[in-house]
Amino acid sequence: MPAAPRISADPADPLVALADRCVQCGLCLPACPTYGRERLEAESPRGRIALTRAWALDTIAPSAIADSHLDHCLGCRSCEAVCPAGVEYGALLTLARRRQRERRPAAWRQRLIEALAARPRWLGAGLGLYRLAYPVLPAAWRPLPRPPRTVAMPASPGSTDSVASDRVGLFVGCVAGRYESPLRAALARLCGALNVALEPVARQTCCGALHAHSGDAAHAQALAASNRDAFAGHATVLTLASGCHDTLDRALADGGRAIDAIVYLADRAERLRFRPSPQRIALHLPCTQRNVVKSVPALRRLLAAVPGLHVIELDAGYGCCGASGTQMFADPQRAAEYRAPLIEQFERSGATCLLSANIGCRLHLGNGTALPVQHPLEFLATLLDDGRHEAP
């Protein structure tokens, strides 16, 4: 795609300002999953930047075809991670989709997902019914894996007195409320081994990333305000989903910070002991973990603390599993095509389970294989040497 014409731009337009940082060098193209799949300039970060800039300057009119190129973006931010000019592509994409939504209403499925995510109790109740009905549902009516049985989170040592070495809040989120109860119990065990009190926080809600990334700024801001109030007074809040982390961190009040639970535990790994395991496990590294949270080195350190463990990092395909928030529902066929090479590599690797640190990626990957898909911390908790003997 030729360079966007540098006509007189409104310097007050933040989208144009973001777009003008792009020098159109093309170094982002090899990192982009959609460009790797389509080999079209309009499916690249450079092409989308030129497109959204032209919309902002009214040099071209919006069209269904052009909208589809913006819709296809997975928001992985791999381009941002390699950009020599420091283009804030994530911010540009969010703003472009906000304007897109102002002129083109969201589809009913997107609105339904957003409404449920903003009401975690309703969503949890619906997923409870989904769990019961799952065995009799046809495959076409199973957009997500079957939710697990609810597992009570054990009380953290020091949760009722002052003996804990640290006290941290825990962010749950929306769909994770029903899907991650075994993971939260596992995290409580790991924190217990460190004498850390893990404190449930009432009145928290969805982080709002799903809404922000689809252009629904108003609801994203309202959810951020709710979480800011809920976590007021908590200096540290642990997150378990890399896709939620950045949005929650920016929502917290001054003095509060979100820390990936993987990073929190890795910083204290010398106090954790794991039993040896000769297992072969596959590791999927979500885009948000690699490009936003940057907790991959911490995760590798934790897994390396398990003697004898054989870790295979999945690298097949286009660099993204294709889940991308709600895109696995909005365009399941495309999402499955991005997932397929990773599942094939996993199933050919001889690994007994697949680990991934983002809830959306795990649900998407889990719907593509019969083998177990877990969060890395849930897996590590089964190997924790705390005097108990739990089979992996």
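Author: Two strands pair if DSSP finds at least two bridges between them. Strands (E, at least two residues) and helices (H or I, at least four) are DSSP runs, numbered from the N terminus. This is a predicted model, in which local features need pLDDT of at least 70 and side-chain atom pairs count only at pLDDT 80 or more, while totals for chains, interfaces and linings use all residues. Residues are numbered from 1 along each chain as its sequence is written, and side-chain values use heavy atoms, with hydrogens and water left out.

Reader: What is the mean pLDDT of the protein?

Author: pLDDT is the predictor's confidence in each residue, from 0 to 100. Of the residues in this protein, 93% reach 70 or more, and the mean pLDDT is 93.

Reader: In what order do the strands of the open sheet with S2 and S1 lie?

Author: This open sheet has four strands, and its pairing is parallel. Strand S2 (196-200) and strand S4 (257-260) each pair on one side only, as the edge strands. From one strand to the next the twist averages 40°. The order is S2-S1-S3-S4.

Reader: In S4, which residue is the bridge partner of Thr239?

Author: Strand S3 (residues 236-239) pairs with S4 in the parallel sense, over four bridges. In S4, the bridge partner of Thr239 is Asp260.

Reader: At what angle to S2 does H10 run?

Author: H10 lies across strand S1 (166-170), S2 and S3. Axes are lines fitted to C-alpha atoms, for helices over the stretch in contact (heavy atoms within 4.5 Å), and angles run from 0 to 180 degrees between N-to-C directions. Relative to S2, the angle of H10 is about 150°.

Reader: How far apart are the end C-alpha atoms of helix H10?

Author: The expected span of a helix is 1.5 Å times one less than its number of residues. For the 13 residues of H10 (residues 181-193) this should give 18 Å, which agrees with the end C-alpha separation of 19 Å.

Reader: How many of the 13 residues of H10 are buried?

Author: Buried means under 20% relative accessible area, exposed over 50%, partly exposed in between (1.4 Å probe, protein chains only). The buried residues include Arg184 and Cys191. H10 is largely enclosed by the rest of the structure because, of its 13 residues, the buried ones number eleven.

Reader: Is Ala266 buried or exposed?

Author: Ala266 is found in helix H14 (residues 261-266). Not counting residues up to four places away in sequence, Ala266 touches Ala298, Arg301 and Leu302. Its relative accessibility is 6%, so Ala266 counts as buried.
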